[in-house]
Amino acid sequence: MFNALRTAVARVQLGRHSWGLAKWEARLTTWLHRRALARGEDFAWMQRHDVLTGLLNRSAFTEQVRTLRRQDVTGVIAVIDIDHFKLLNDRYGHRVSDDLLAALAARLQATMTADIVAARYGGDEFALFVPGEMDRARLLADRLLTVIRQPFEHESSTLNITASIGVAALPLSMSLDQGMSSADMAMYVAKSSGRDRVLEFSPEAQGVVTARRELAKTVVMLQESNKALQDQVQLDALTGLRSRRALDQLLDRACGGREPAAEHCAVAFLDIDHFGSYNKHHGDDRGDIALRHVAQIVQATARRGDLVFRKGGEEIVVILPGAGEDEAQWAAERMRSAVQEAAISHMASPTAPVVTITIGVASSHAMEQSTIHQVLNRAAEAAMRAKLQAQRNQVHVA
């Protein structure tokens with residue numbers, strides 16, 4: 001009953017062309033949930049369903065599909081993964097992301113027929129079993145992409161999202177685990193091919209995934225080697241950040257490019273505004289303290305896995321592995337805001353009465369391989385150009 005009424009609400013929304021979780025829907029959902037609990041129906045329901053979306057959970061999905069297969073029902077597995085979901089979490093918070101997942105589940109239910117088995121498989125990933133031939137599954141997946149693209153209205157925000165979908169045939173001769181793995185590989189390649197698309201599993205897709213796994217093993221080996229050499233890498237004595245020497249060792253590394261296994265990256269170049277004036281007004285000792293404080297803030301607000309270096313003087317460089325332009329810009333803005341909010345007094349600055357930083361951000365291009373050095377140069381040029389144009393205390397994208 002609980003799940004059916006959520007679907008009915010979704011169909012009303014479909015007719016109104018509104019996909020957000022309206023307040024009245026949330027209240028209705030809460031009321032139904034409490035009523036089911038009072039009637040003693042909720043425990044059994046929760047054992048088989050994801051409470052947030054109302055869809056089957058992973059174990060119930062597996063059980064139901066295996067039951068159909070014992071009845072000689074063949075079909076197609078589809079795996080749906082929301083593109084850039086981590087960025088949505090970082091930008092809007094978990095509450096908005098949860099509301100979006102619930103609304104998306106309602107949207108999927110409103111689009112599918114009753115014989116399709118659907119589940120929230122984990123995180124932002126959904127799994128479907130579509131009885132019948134691949135043609136039917138492809139048509140459904142294309143429809144789902146279309147409805148997912150329609151804006152989600154949430155309070156005062158409009159969220160535009162896309163998804164990547166991998167599909168794989170599941171004949172009776174193949175285990176469910178194999179079918180899920182094949183669909184998951186196809187979804188992974190769909191993401192690496194540009195996202196917002198449906199991709200059917202093929203030997204070529206498996207080859208791409210295998211190549212990436214081999215690359216990942218190589219990366220792990222390099223990371224382990226680097227860790228063993230970490231004690232030999234000189235740290236900057238004043239700030240505790242990685243030194244210019246450590247940065248120089250990475251400058252020739254490639255990022256971006258056409259190859260499926262190419263690792264993209266972004267670089268943020270940070271420069272403390274009017275730092276020479278700070279030293280003259282407050283003295284070199286206070287300048288060292290301020291620089292060390294800024295370095296600590298940048299290190300603390302960087303993403304996990306980012307590499308932070310003192311390039312020289314008051315210049316700090318952050319390498320953001322795997323980051324695109326938007327994610328790098330948001331990360332840089334967090335750093336800039338945190339430095340300003342620290343309120344380190346700077347009486348000699350015409351920009352603000354506190355220490356501020358200007359940041360240039362550049363990212364690798366999908367169609368052209370670059371070195372980290374080249375990306376760094378573009379980020380530095382963006383920051384220096386902003387300073388010349390009196391646009392300090394801002395993030396500038398190259």
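A contact here means heavy atoms within 4.5 Å. Among contacts in this protein between residues at least 6 apart in sequence, 69% join residues at least 24 apart. The model is predicted. It holds 14 helices and 14 strands.

**Burial and surface**
- The protein has 398 residues, and 46% of them count as buried.
- Its accessible surface comes to about 20200 Å².
- Carbon and sulfur atoms account for 51% of that surface.

**Helices H4 and H8**
- Two packed helices are described by the angle between their axes and the distance between the axes.
- Helix H4 spans residues 58–70, and helix H8 spans residues 176–192.
- The axes of H4 and H8 come within 11 Å.
- These axes cross at roughly 115°, and the crossing is right-handed.
- On the H4 side, the contact uses Phe61, Thr62, Val65, Arg66 and Arg69.
- On the H8 side, these meet Leu176, Asp177 and Met180.
- By class, the contact of H4 with H8 has four nonpolar, one polar and three charged residues.

- Arg195 lies in the loop between H8 and strand S7 (198–200).
- Leaving aside residues up to four places away in sequence, Arg195 touches Asp83, His84, Ser164 and Ala190.
- Arg195 and Ile165 are 30 residues apart along the chain.
- The C-alpha atoms of Arg195 and Ile165 are separated by 8.6 Å.

Key. Residues are numbered from 1 along each chain as its sequence is written. This is a predicted model: local features need pLDDT of at least 70, side-chain atom pairs count only at pLDDT 80 or more; totals for chains, interfaces and linings use all residues. Side-chain values use heavy atoms; hydrogens and water are left out. Helices (H or I, at least four residues) and strands (E, at least two) are DSSP runs, numbered from the N terminus. Buried means under 20% relative accessible area, exposed over 50%, partly exposed in between (1.4 Å probe, protein chains only). Accessible areas come from the Shrake-Rupley method with a 1.4 Å probe; for residues, only the protein chains shown count as cover. Axes are lines fitted to C-alpha atoms, for helices over the stretch in contact, and angles run from 0 to 180 degrees between N-to-C directions. A crossing is left-handed if the near helix is turned anticlockwise from the far one by less than a right angle, and right-handed if clockwise. Ala, Val, Leu, Ile, Met, Phe, Trp, Tyr, Cys and Pro count as nonpolar, Asp, Glu, Lys and Arg as charged, and the others, Gly among them, as polar.
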